[in-house]
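My notes follow the display.

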Amino acid sequence: MGSDGRDSSIQIFDRFLSLSCAENNDVFKDITYICFAAVSSILLSSKIHEGKSLLTLANFPHFRTSDLIEFERMLLSKIGYQITPLSTPSSFVRHLLGLCPEYEMYHIELIDQADKYIVEFIEEPDYIVFAPSTIAISALLISFSVLGLDCRTWLARIPNICLPKE
């Protein structure tokens, strides 16, 4: 699964568990529920980003197909079918790099470098506190620095709405 699929599955999973927890605070004690939520989030994200053939229900033999299908329906209903596949940190990285065509020869390196920081930050509890664009901008700022590239022109081109007020 690519970086967009990974990021989307995490967004789906986080949204679903947040809504589930709002209804029942004990949801985090139900390991089976958490496992079904994780698998369903991964499957949905894979369908959106990778197509149906990459991951299928058969990739999860410890789950009954009918149970996974029913859980996926319930998950989609609970999140109101609101999945935004292009508002992931990885997607923002690629779009934001479009603001610096003068560094086009470094785009692949910057994307790869930024992805390393996104993956590292995903594992932190604070990940869900920040907007995907904020995570992308932060990962890119570090990536520019690591590669020794001046990012001032790029940073000046980022729309103000994407930047923190302080």
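I began with helix α1 (residues 3-23) and helix α3 (residues 65-78), whose axes are 10 Å apart and meet at about 80°. Axes here are lines fitted to C-alpha atoms, for helices over the stretch in contact, with angles from 0 to 180 degrees between N-to-C directions. α1 and α3 are therefore roughly perpendicular (65 to 115 degrees). Helices are DSSP runs of H or I, at least four residues, numbered from the N terminus.

I noted that this is a predicted model, where local features need pLDDT of at least 70, side-chain atom pairs count only at pLDDT 80 or more, and totals for chains, interfaces and linings use all residues. Residues are numbered from 1 along each chain as its sequence is written, and side-chain values use heavy atoms, without hydrogens and water.

Which residues of α1 and α3 meet? I found I12, F16, L19, S20 and E23 in α1 against F71, M74, L75 and K78 in α3. Contact means heavy atoms within 4.5 Å.

Next I looked at α6 (residues 132-146). Its buried residues include I135, I137 and F144. Buried means under 20% relative accessible area. Among what covers the buried residues are α4 (89-97), α5 (107-122) and α7 (152-157). Just after α6, G148 has a positive phi of about 70°.

Then I picked V93, in helix α4. Is V93 buried or exposed? V93 is buried, at a relative accessible area of 2%. Leaving aside neighbours within four places in sequence, V93 touches I111, A114, I118, A136 and L140. V93 and I118 are 25 residues apart in sequence, yet 9.9 Å apart in space, C-alpha to C-alpha.

Methods:
Helices (H or I, at least four residues) and strands (E, at least two) are DSSP runs, numbered from the N terminus. Angles under 35 degrees count as roughly parallel, over 145 as roughly antiparallel, 65 to 115 as roughly perpendicular and the rest as oblique. Buried means under 20% relative accessible area, exposed over 50%, partly exposed in between (1.4 Å probe, protein chains only).
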